[in-house]
Amino acid sequence: MKTKFILLTLGALILFTSWQLTTETDTPKTKKGMIKVTILYPNSEGKSFDMDYYSNKHMPMVASLLGDSLKLLKIDKGIGGRTPDEPIPYLAIGYLYFDKLSAYQNTFGPNAEQIVGDIPNYTNIQPIVQISEVYQ
């Protein structure tokens, strides 16, 4: 009985490890020439940001609206400045990756009102948006 339990536990561990490795390799990668839309939320006095809402509601909604044209989505949560006594420069940064600029423009434009209209649900910050081409 004890041997069966150990074998079952070992089997489950192997399956879980295998699943993790597969998931990591299946994650889309960025490549030179992709379009990266960076959404920065600068920190300053009186600013607030609900990371839970942003990561669990807003960005999944954005991903759903942008559909297959969105190749990768990433979120950074600010945790510190350059030195221990400096404030966090950005409370959060979102990244959206597309194969082409037209893919972003064609999917964001028709959904801009809904996406921008959701911002007050998680922050009182006016985000800064930069569109870049991945170089390296």
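In this predicted model, the buried residues of α3 pack against β1, α2, β3 and β4. Those buried positions in α3 are Ala103, Tyr104, Thr107, Asn111 and Ile115. One of them, Asn111, also marks a bend of about 65° in α3. A simple check on the helix can be made from its length: at 1.5 Å a residue, the 17 residues of α3 should span 24 Å, and the end C-alpha atoms are 23 Å apart, which agrees.

The strands themselves can now be put in order. Four of them form an open sheet, arranged as β2-β3-β1-β4, with antiparallel pairing. The edges are taken by β2 (70-77) and β4, each of which has a single partner strand, so one side of each is left without a neighbour in the sheet. On average, neighbouring strands of this sheet are turned by 15° against each other, direction ignored. Helix α2 packs on the sheet as well, touching β1, β2 and β3, and its direction makes about 165° with that of β2.

Strands pair through backbone hydrogen bonds, in either a parallel or an antiparallel sense. Here, β1 is joined to β3 by eight bridges, and the two run antiparallel. With strand β4 (residues 128-133), β1 pairs over six bridges, again in the antiparallel sense. Ile39 shows both pairings: its bridge partner in β3 is Gly94, while in β4 it stands opposite Val129. Ile35, in turn, stands opposite Glu133 in β4. Strand β1 is also mostly covered, with six of its eight residues buried.

What lies inside this arrangement of helices and strands? The largest nonpolar core has 23 residues, of which Tyr41, Phe49, Leu96 and Phe98 touch the most other members. At least two residues of this core come from each of β1 (35-42), α2 (51-66), β3 (90-98) and α3 (101-117). The most is given by α2, with seven residues. Apart from this core lies another, of seven residues, including Met34, Leu40, Ile93 and Tyr97.

Leaving aside neighbours within four places in sequence, Phe98 is in contact with Met34, Ile35, Val37, Leu66, Ser69, Leu70, Lys71, Ala103, Tyr104 and Thr107. Among these contacts, Ala103, Tyr104 and Thr107 are buried residues of α3.

How values were computed: Residues are numbered from 1 along each chain as its sequence is written. This is a predicted model: local features need pLDDT of at least 70, side-chain atom pairs count only at pLDDT 80 or more; totals for chains, interfaces and linings use all residues. Side-chain values use heavy atoms; hydrogens and water are left out. A nonpolar core is a set of buried Ala, Val, Leu, Ile, Met, Phe, Trp, Tyr and Cys residues joined through side-chain atoms within 4.5 Å. Buried means under 20% relative accessible area, exposed over 50%, partly exposed in between (1.4 Å probe, protein chains only). Helices (H or I, at least four residues) and strands (E, at least two) are DSSP runs, numbered from the N terminus. Contact means heavy atoms within 4.5 Å. Two strands pair if DSSP finds at least two bridges between them. The expected span of a helix is 1.5 Å times one less than its number of residues. The bend at a residue is the angle between axes fitted to the seven residues ending there and the seven starting there. Axes are lines fitted to C-alpha atoms, for helices over the stretch in contact, and angles run from 0 to 180 degrees between N-to-C directions.
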